[in-house]
Amino acid sequence: MKHRYLYDALPFLKDVDRNRQEQFEAYFQSAPLWLMESFQIEEMEKGTVFVREGELAETIFFIGRGIIEAIDYRIYGVSYDYMQFHKVYAFGGMEFLMDLPNYMTTLRTVSDCTVVKLPRVKFEKWMYSDIQAMKREAKLVGEYLLEEGRNSRLFLFMEGSDRLALLLVKRYERYHKNGVLTLKESRQNLADETGLCVKSVSRGIRKFMDEQLITKRGNQILMDADQYERLKKIIQEKVELE
């Protein structure tokens, strides 16, 4: 079996969805056995900060199960959650490519996560000996930076309710199940991710409910396929979405 050693080294892969399996298979398709023998698996609870900006970037992290987010504390010590990750990235890989000794962002788990850890020295040894692996890593880092930059520019020129609408559209595209998005995040979390205050988020939610663009069920926000298409159309009239 082509990926037998990968699944032996990371047994949790047998229980994750096929998309996540394929991402791991693609990323480690040329990984040597000595690299896979260096894998360490750790279970992290929701809300765990496992990378802090400024600390020595001595470990590379991969998310096997769950979702993490990047946080910026630089402005008045307030947390701004500017990116959530749903793909398999080498967190710490950007620092390696840019020859930076310290992590450039803070990372926190959004859900309970299964995390794969790899010493940076081992990761670097692999990258320097495998040009195809180096190209894959550079491509992933480039895609991440492009997406983050595009999203930041969109949010910069958007009004409050439009920022919230864009976030809901992105959430639906990534996390809907059977055509329905169930959003369990608090209004404070939505405020952190959009850069808005909680009052602005609350006003936006009320506005979308009045226009029947979202539905509330207890503390959850629901969005079906028809509501998603209508909300996306509103955003597309103002900005170009992919």
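Mentor: Let us begin with one pair of residues in this predicted model. Thr215 has Leu222 of β10 as its bridge partner. That contact belongs to the pairing of β9 (residues 215–217) with β10, which is antiparallel and comprises 3 bridges.

Trainee: Which residue of β10 is the bridge partner of Thr182?

Mentor: Leu222 of β10 is also the partner of Thr182. The strands β8 and β10 run antiparallel and are joined by 4 bridges.

Trainee: How many residues of β10 are buried?

Mentor: In a regular strand, side chains alternate between the two faces of the sheet. In strand β10 (residues 220–224), 4 of the 5 residues are buried, and the strand is mostly covered.

Trainee: How should I read a positive phi?

Mentor: Most residues other than glycine have a negative phi. Gly218, in the hairpin of β9 and β10 with 2 residues between the strands, has a positive phi near 65°. Asn178 is not a glycine, yet its phi is positive at about 55°. Asp99, likewise not a glycine, has a positive phi of about 60°.

Trainee: Where do Asn178 and Asp99 lie?

Mentor: Asn178 is in the loop between α7 (160–175) and β8, and Asp99 is in the loop between α4 (93–97) and β6 (106–109). Asn178 counts as exposed because its relative accessibility is 81%, above the 50% cut-off. Asp99 is exposed too, with a relative accessible area of 64%.

Trainee: Which residues form the positive surface patch?

Mentor: Lys46, Lys177, Lys184 and Arg217 form that patch. Lys184 lies in the loop between β8 (180–183) and α8 (187–194) and is exposed, with a relative accessible area of 64%.

Definitions and conventions
Residues are numbered from 1 along each chain as its sequence is written. This is a predicted model: local features need pLDDT of at least 70, side-chain atom pairs count only at pLDDT 80 or more; totals for chains, interfaces and linings use all residues. Side-chain values use heavy atoms; hydrogens and water are left out. Patches are made of residues with over 30% relative accessible area and no salt bridge: like charges are joined within 9 Å, nonpolar side chains (Val, Leu, Ile, Met, Phe, Trp, Tyr) within 5 Å. Accessible areas come from the Shrake-Rupley method with a 1.4 Å probe; for residues, only the protein chains shown count as cover. A salt bridge is a side-chain nitrogen of Lys or Arg within 4 Å of a carboxyl oxygen of Asp or Glu. Lys and Arg count as positive and Asp and Glu as negative; His and the chain ends are not counted. The place of a charge is taken as NZ of Lys, CZ of Arg, CG of Asp or CD of Glu. Buried means under 20% relative accessible area, exposed over 50%, partly exposed in between (1.4 Å probe, protein chains only). Two strands pair if DSSP finds at least two bridges between them.
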